[in-house]
Amino acid sequence: MSFISVFDVLGPNMIGPSSSHTAGADAIARIAGKMMNGKLKEVKFILYGSFAKTYRGHGTDKALLGGVMGFGTDDIRIRDSFKIAEERGIKYSFVQGEDDTDMHPNTVDIIMTDSKGTKMSVRGESLGGGKARISRINDVEVDFTGEYASVIVVQRDKPGVVAHITKCLSDRNINVAFMRLFRESKGETAYTIVESDDRLPEDIAVKLRENQNILEVVVIEP
Amino acid sequence: MDFKNCEELLNLCDKMQWKISDVMRQREADLTEQPFDVINERMKKAWEIMKDSAKKPLKEPVKSMGGLIGGEAKKLSAHHEKGMSVCGGVISRGITYAMAVLELNASMGLIVAAPTAGSSGVVPGVLLSLQEEYKISDERILDGLMTAGAVGYIATRNATVAGAVGGCQAEIGVAAAMAAAAAVELMSGTPRQAMDAASVVLMNMLGLVCDPVGGLVEYPCQNRNAAGVANAFVAAEISLSGVSQLIPFDEMLAVMYSVGRRIPYELRETALGGCATAPSACAFCGGCK
């Protein structure tokens, strides 16, 4: 069982009205926003289940848009996120997805496009009490929370890549809390997600990219 | 230092001759490897947000996002000022503050989830009212919050605080249990009396369903936060008088969880039953869209 802090019970400090539909939505979108390396130009949110039915009354839309712009759960700017997005020249839209009973009731797909036209999609689930889980990146099923300092490595599914990743981490004395590998299919694009107890050094992304089979590295601090 | 349930917590209090807040603070420091002053600062920030959220709507009433509530706290405050309160000062102020927090929450204001956003009015309502009545320092209120946190942690670990899982009894019920234990400690009750008060709250709110109109955190949530405040004070009073309880908190929590899981799906935050499907509620929503 993961540690439950007194501030998990008396918290999060948040813009209302719902820890799952507002704070949790913000948490998902904030992780997604951090995964974009380029400048965000356009974002589309596809809402499922309870998110799709009650998003307006819960300010889920404002929280999601605020989240991708980096606003935390207690950032009052969430209330004005439509206006702020327009000022920043970010196009946004919200659509209802097809209901799927296998899906977690509070699920959202976030499809982001940067200024160069590169697209990235992230699926997240709001688990209650402001907690979030990322369950898919660009059609690959993944599983992480963003509560730890995390490195997401996009790589070719080739031998030696994982060894390179662990060596980079151990050389910098980083203790791995969780490490998982996800892939589309054999030999195609794969994702390694490492969650660490420690803060990650600034050069970690540069070092990881030295391996030619590593395509992209994203570092997310909690 | 760590504990899994109420029994272990009370054993630690007994062994160390500490209050519940002392044990909870030590646990937080040990398990997060952070010094007391960092933890206290963070709690102080939470308390400042709680106080602001309980007072702001008294002066500046706000309409909720869903349009079901807004302005209740100011009305309650004005009624209290007239000296015609049927609840008496402490409860009257407590329910005013609790409803204020929910009013602000529903208008996208800044609040502290305690343990959830939908139940966020109870703990500040009880603690702020007690603070004003008995001139309790902010420093001691932080102890109260630690004690409330201990109850919430035990409930999260061993049962649930989600309305979708256990009904309103798990959200506002647990919030009121947290507040009751804090109130007992602040009024110099023993750790066992504090946890007995928490047990009484769960007993008295047992079976309460979660049936928000339109699926929104507004109505009946706001009224029930006020009811949670009253329940917390009732339980604290019983406990502080020296009345002890047959059923200890750990058992009462297991009872609450077991009842919660048997609450039908329609009555667990789905807006498919209860208040949510009363004709007036359906008329407000204009039919399910």
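Hi everyone, let me start with two helices in chain B. Helix α3 of chain B, residues 36–59, packs against helix α6 of chain B, residues 122–134, at an angle of about 85°, and their axes are 10 Å apart. That makes α3(B) roughly perpendicular to α6(B). Who meets whom there? On the α3(B) side we have B:M50, B:K51, B:S53 and B:A54, and they meet B:P124, B:G125 and B:L128 in α6(B). Sorted by class, this contact of α3(B) with α6(B) has four nonpolar residues, two polar ones and one charged one.

Before I go on, please keep in mind that this is a predicted model. Its scores are ipTM 0.95 and pTM 0.90. For chain B, the average pLDDT is 96, and 99% of the residues score at least 70.

Now, over to chain A. Its domain assignment gives domain 1, covering 6–138, and domain 2, covering 149–220. Taken over C-alpha atoms, the centres of domain 1 and domain 2 of chain A are separated by 25 Å. In the contact between them, five residues of domain 1 of chain A face four residues of domain 2 of chain A. Which helix gives the most to the domain 1 side? That is helix α2 of chain A, residues 19–35, with three residues. The domain 1 side of this contact divides into three nonpolar residues, one polar and one charged.

Next, the sheets of chain A. One of them is an open sheet of six strands, in the order β3-β2-β4-β5-β6-β7, with mixed pairing. At the edges stand β3 (91–96) and β7 (140–144) of chain A; each has a single partner strand, so one side of each is left without a neighbour in the sheet. From one strand to the next, the twist averages 25°.

Let's look inside that sheet. Strand β4 of chain A, residues 106–114, and strand β5 of chain A, residues 119–128, pair in the antiparallel sense over seven bridges.

Strand β9(A) is joined to strand β10 of chain A, residues 189–196, by seven bridges, and the two run antiparallel. In that pair, A:R183 stands opposite A:A190 in β10(A).

Finally, how do the two chains come together? The contact takes 28 residues from chain A and 37 residues from chain B. On the chain A side, the elements giving two or more residues are α1 (6–9), β1 (13–15) and α3 (49–54). That side divides into eleven nonpolar, 14 polar and three charged residues.

Technical notes: Residues are numbered from 1 along each chain as its sequence is written. Chains are lettered from A and ligands numbered from 1 in the order in which they are written. This is a predicted model: local features need pLDDT of at least 70, side-chain atom pairs count only at pLDDT 80 or more; totals for chains, interfaces and linings use all residues. Axes are lines fitted to C-alpha atoms, for helices over the stretch in contact, and angles run from 0 to 180 degrees between N-to-C directions. Helices (H or I, at least four residues) and strands (E, at least two) are DSSP runs, numbered from the N terminus. Angles under 35 degrees count as roughly parallel, over 145 as roughly antiparallel, 65 to 115 as roughly perpendicular and the rest as oblique. Two residues are in contact if their C-beta atoms, placed from the backbone, lie within 7 Å. Ala, Val, Leu, Ile, Met, Phe, Trp, Tyr, Cys and Pro count as nonpolar, Asp, Glu, Lys and Arg as charged, and the others, Gly among them, as polar. Domain bounds come from an automatic or database domain assignment. Two strands pair if DSSP finds at least two bridges between them. pLDDT is the predictor's confidence in each residue, from 0 to 100.
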